[in-house]
Amino acid sequence: MSKVRVSRLRSFVERLFPERHLFLRTPDGEITGHVLSPGRQMMMAAGACLLGGWLLVATGGVIWGAVTGITAERQVHRVRAASERMNADLQARLDSAVARMAATSGSIDDLAHSVERRHAALTRVMTQFRGIPGAEQELAPAEPLAADRPPVARLVAVRMDQERLIARAQSFADSRAERLRLAFRLAGLNPAAYAGSPSALGGPLVDADNPEALAAILDVDESFARRIQRATDDLSDMRSLADAAERLPFGRPSATARTTSGFGVRFDPFNHRPALHQGQDFAGPLGTPIRATAPGVISFAGVRSGYGNTVEIDHGGGFKTRYAHLQGFNVTVGQRVAVGQRIGAMGSTGRSTGVHLHYEVWVNGRPQNPARFMRAGDYVQQAQD
């Protein structure tokens, strides 16, 4: 039975790829003949299929990167629009509250005590924003009313400014946290794994999930306590993500070199066959400084087969970067390096066709696309602007 199947398969192949003869005439009139056997035709067809598949995968990768970038920008715009709507709603609520307060005969002492308690709680939140770029300008208090204004008007103005500040604090932290989350997603990482550390205020606030309990701890009204909790939660996520981003390889190994061959299947420059390229290449002049893309410890500095002079950095948490084809390096195994620190110079050692850097990013033993991490680094930089 198997012989019959083989015979049928052979007949099918011969019908599909019959032996063909190709005759070529040279300029001096000579005619040469070439025989295209079924086997050779099958190899040519297989090569055409491989080439078409590679082009399809490469095109899909480019389209996917473009769609991901557009989606990320749309999400940022949606977050900003939501923040603007929240601020508008808050202003309307404040106007209504001021009108009610002016219509009643509330005690000035009660209003003053309320303002003081809110000020103490708000101060605890605002101190957590120290050192964050842009926070000082965004969260600056408004100018106080003139001294000749009635005391009630001045107290109401201070309370309105407190409402404005806590709303801006929440919006500021949430906007930056969302941009950092987008950066982690662009790198193929789950932002939830790097966010959610305890509240920045610490102490009783960590366990005070109930707004009533939090209001009792801070000695403020429940609605204000709820907004404080939201602001501190967003601030905690933002700080956790920002701290994690500083430890991950989101930088660029060279600020001046241009990118060339990317991650994925390409034709090998030596044997011209399709092969997986596990990194990102950068081209530049001989001796261009190469820098660490994140802080870490040098785990390898020497010659690797095919890579030439190579430096590898362990960044912790399963992250590792590799810098290959270097002209030379000036680090040793076990040395701790900072982000942006020079570790070597661009060269053409190992299996290389010219001066360039071959840069790889590994996560838990698997190669990743370095372009995604560099794109994530650009978003992180935007989150700090």
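Predicted model: local features only at pLDDT ≥ 70, side-chain atom pairs only at ≥ 80, totals over all residues.
**View 1**
A search of the whole structure finds six aromatic pairs. One of them joins F184 and Y194 in a tilted arrangement, with 5.1 Å from centre to centre and 45° between the planes. Because F184 belongs to helix α5 (residues 151–186) and Y194 to the loop between α5 and α6 (211–218), this pair ties together parts that are 10 residues apart in sequence. F184 is buried, with a relative accessible area of 0%, whereas Y194 is partly exposed, with a relative accessible area of 24%. The rings of F319 and F373 are edge-to-face, because their planes stand at 75° with the centres 6.4 Å apart. Since F319 lies in strand β10 and F373 in helix α8 (residues 370–384), the pair ties together parts that are 54 residues apart in sequence. F184, Y194, F250, F319 and F373 form one aromatic cluster.

**View 1. Strand β10 and its partner strands.**
On one side of the pairing pattern, strand β9 (residues 308–316) and β10 run antiparallel and are joined by six bridges, with D314 standing opposite K320 of β10. These two strands form a hairpin with two residues between them, and G317 in the turn has a positive phi of about 65°. Strand β10 also pairs in the antiparallel sense with strand β13 (residues 356–363), again over six bridges, and here A324 stands opposite H358 of β13. A further antiparallel pairing, of three bridges, joins β10 to strand β12 (residues 342–346), where A345 is the bridge partner of G328.

**View 2. Y323 within strand β10.**
Y323 has its place in strand β10, which spans residues 319–329. Because its relative accessibility is 0%, Y323 counts as buried. The side chain of Y323 makes a polar contact of 2.9 Å with the side chain of T321, and another polar contact, of 3.2 Å, joins the side chains of Y323 and T293. The C-alpha atoms of Y323 and I343 are separated by 9.1 Å, although these residues are 20 apart along the chain.

**View 3. Charged side chains over aromatic rings.**
K320, the residue that D314 faces across the strand pairing, lies over the face of W362 at 5.3 Å from the ring centre.

**View 4. T288 in the loop between β6 and β7.**
T288 lies in the loop that runs between β6 (280–283) and β7 (289–291). With a relative accessibility of 8%, T288 counts as buried, because the cut-off for that class is under 20%. A polar atom of the T288 side chain lies 2.6 Å from the backbone oxygen of P285. Leaving aside residues up to four places away in sequence, T288 touches S254, T256, G344, A345 and M346. One of these, A345, is also the residue of β12 that is the bridge partner of G328.

Definitions and conventions
Residues numbered from 1 in each chain as written. Heavy atoms only, no water. Helix = DSSP H or I, 4+ residues; strand = E, 2+ residues; numbered from the N terminus. Buried < 20%, exposed > 50% of the residue type's maximum accessible area, 1.4 Å probe, protein only. Polar contact = N/O pair within 3.5 Å; in protein donor to acceptor, adjacent residues only side chain to side chain. Contact = heavy atoms within 4.5 Å. Pairing = 2+ DSSP bridges. Phe/Tyr/Trp six-rings, centres within 6.5 Å; stacked < 30°, edge-to-face > 60°. Lys NZ or Arg CZ within 6 Å of the ring centre and 35° of its normal.
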